[in-house]
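Trainee: I would like to learn how to read a protein model, one feature at a time. Please show me where to look.

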Amino acid sequence: MTVGFESRGGVARRVVTASGLLMVLVGSGFVVLLVSVQGLRASEQQAQHSGAVLTSANQVERLVSDLATGQRDFVITGQEKFLQPWRDAAAQLPAQTGTLEQLVADSPDQVARANQADQRITSYLRDYSLPVIEASRADPDSARTAAITADGTNRVAAIRSVLDTLISSEQKLSSSEQQNTDMIANRAVAAAVMGLAGTVVLVLGFAVYLTRAIVRPVRVTAEMANRLAAGDLAVRVPETGVGEIRTLERTFNTMAGSLGAASADLAASRARIVRSSDETRRQIERDLHDGIQQRLVSLTLDVRAIQAGSPNGQAEELDEVAKGLSATLDEVRELARGIHPAILSQGGIGPAVRMLARRSKVPVEVRIDVGTRLPAPIEAAAYYVVSEALTNAAKHADASVVHVVARLTTDRLVLSVRDDGTGGADPAKGSGLVGLDDRVAALGGTLVVESPSGEGTTLSVSLPITSS
């Protein structure tokens, strides 16, 4: 239940949460940008509309000016050709004022001003300009009075006043929209900068979190797994992760602990097998010595006694039997020494190795710096290492001398057997070195074979005293 809860509330939840935050932040930034784009688009449309209103109002004002100029020139000169600008302006004004009224239709104030300008322009044409032109054709001097001129000037000024007010209002609206556009643009830039900065911070924070919570623990666990695979069964990882990572670390430690316990049980089992084998060897040696060997000695003595009181012919036969019994006794003694040398049990590793040196066919130089008895399995392992090395040196290595060195450290017996033979020994080829390696490993020790071709062979053994 705990593992399931941690898995549901661990790394997966944090990744989903961080992803959600990133999505919300990026989404919010896009929403702000979209709103800003819409605002900018609306402001741009309003700016275009204001520009069209200003253009139309200026066009109306220009046409009114053409009306006044054309009328004045005709009144002064009396020539019809000077009325052409007036005629053109009068023809265009209805459509132009209509366009202006349509452009300002969404603003009641501007509509009122446009209607007022239209009415004043219509009144100017109907009530002033046309009568003045007709009067000028009939009596030029009557149309040139100061009163008529002043009336026309006042009417044009009134029209321009309304148009100027309309233009001024539209310019203010345009300026306000420009400010609104600038504000929206600034807001969009600020939102983009804040969104980008927030995204960078969140992504960096998420990357740091993933590195600390996932990458680093997984890397440490992988390194510990390599050490575990290399044989370091005591390795453990700190359980500092969260969720699934902590489950992985805890599982790794549990597995390492199980492997360590299994390895310890295996080592203990192998050590028990070695001790049982050595004990069996000693028991066989004692049985041979106390049983068969003593029986053969007794039979030999009996035969010698019978031989002493028998005729010469029978004495010779009994002598042959006695010799056969003696030879058999020597073979039994040799067999007993091979199974488990009594000198090893009685004197320890030093005398036993020196006995092997005396019996070796190759000269052996021995230096034993062990001043105390060691546990029986350790002494037996060291003895058989030296015995096997001396046998190989004599049978296979063509050595001229063998050096045997044994010394005792604080908690280990360090043994070295080195010859000057041909070398080339390979434990993988099934020699007796394989059995020695198994025996040494069962006691928690190590055996290293160095045997370069043509440079002799060295067996280096390290046996822990405390573990035996």
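This is a predicted model: local features need pLDDT of at least 70, side-chain atom pairs count only at pLDDT 80 or more; totals for chains, interfaces and linings use all residues.

Trainee: Which residues of helix α11 are buried?

Mentor: Helix α11 covers residues 433–442, and its buried residues are Leu433, Leu436, Arg439, Val440 and Ala442. An α-helix has 3.6 residues a turn, so residues three or four places apart point the same way.

Trainee: What is the phi of Asp398, which is not a glycine?

Mentor: The general idea comes first. Most residues other than glycine have a negative phi. Asp398 has a positive phi of about 55 degrees. Asp398 sits in the loop that runs between α10 (376–397) and β2 (402–408).

Trainee: Is Asp398 buried or exposed?

Mentor: Asp398 counts as exposed, because its relative accessibility is 66% and the cut-off for exposed is over 50%.

Trainee: How do I read a pair of helices, for example α3 and α4?

Mentor: Look at their axes. Those of α3 (residues 84–103) and α4 (residues 108–138) come within 10 Å and cross at roughly 170 degrees. That angle makes α3 roughly antiparallel to α4, because angles over 145 degrees are counted that way. The crossing of the two helices is left-handed.

Trainee: Which residues of α3 and α4 meet?

Mentor: From α3 come Trp86, Arg87, Ala90, Leu93, Thr97, Leu100 and Glu101. From α4 come Ala114, Asn115, Asp118, Ile121, Leu125, Ser129, Leu130, Ile133 and Arg137. Sorted by kind, the residues of this contact are nine nonpolar, three polar and four charged.

Trainee: What should I look for with charged residues?

Mentor: Side chains of opposite charge can pair when their charged atoms come close. In this model the count comes to eleven salt bridges. One of them joins Arg87 and Glu80, with the closest N and O atoms 2.9 Å apart. Glu80 also forms a salt bridge with Arg137, and there the closest N and O atoms are 3.0 Å apart. This second pair links distant parts of the chain: Glu80 is in the loop between α2 (11–77) and α3, Arg137 is in helix α4, and the two are 57 residues apart.

Trainee: How accessible are Arg87, Glu80 and Arg137?

Mentor: Arg87 is partly exposed at 32% relative accessibility. Glu80 is partly exposed at 35%, and Arg137 is partly exposed at 40%.

Trainee: What other salt bridge could I find?

Mentor: Asp232 has a relative accessibility of 29% and counts as partly exposed. Arg227 is partly exposed too, with 38%. As for networks, salt bridges that share partners join Glu80, Arg87, Glu134 and Arg137 into one.

Trainee: How do I read the surroundings of a single residue?

Mentor: Ask where the residue is, how accessible it is and what it touches. Phe252 is found in helix α6 (residues 244–308). With 6% relative accessibility, Phe252 counts as buried, because buried means under 20%.

Trainee: Which residues is Phe252 in contact with, leaving aside its neighbours within four places in sequence?

Mentor: They are Thr221, Met224, Ala225, Leu228, Val235 and Val237. Take Leu228 as a case: Phe252 and Leu228 are 24 residues apart in sequence, and their C-alpha atoms are 9.9 Å apart in space.

Trainee: Where is Asp139 found?

Mentor: Asp139 is in the loop between α4 and α5 (146–229), and it is partly exposed, with a relative accessible area of 38%. Asp139 and Val75 are 64 residues apart along the chain, while 9.9 Å separates their C-alpha atoms.

Trainee: How many helices and strands does the chain have?

Mentor: The secondary structure comes to eleven helices and five strands. The chain has 468 residues, of which 33% count as buried. Among contacts between residues at least 6 apart in sequence, 70% join residues at least 24 apart.

Key:
Residues are numbered from 1 along each chain as its sequence is written. Side-chain values use heavy atoms; hydrogens and water are left out. Axes are lines fitted to C-alpha atoms, for helices over the stretch in contact, and angles run from 0 to 180 degrees between N-to-C directions. Helices (H or I, at least four residues) and strands (E, at least two) are DSSP runs, numbered from the N terminus. Angles under 35 degrees count as roughly parallel, over 145 as roughly antiparallel, 65 to 115 as roughly perpendicular and the rest as oblique. A crossing is left-handed if the near helix is turned anticlockwise from the far one by less than a right angle, and right-handed if clockwise. Contact means heavy atoms within 4.5 Å. Ala, Val, Leu, Ile, Met, Phe, Trp, Tyr, Cys and Pro count as nonpolar, Asp, Glu, Lys and Arg as charged, and the others, Gly among them, as polar. A salt bridge is a side-chain nitrogen of Lys or Arg within 4 Å of a carboxyl oxygen of Asp or Glu. Buried means under 20% relative accessible area, exposed over 50%, partly exposed in between (1.4 Å probe, protein chains only).
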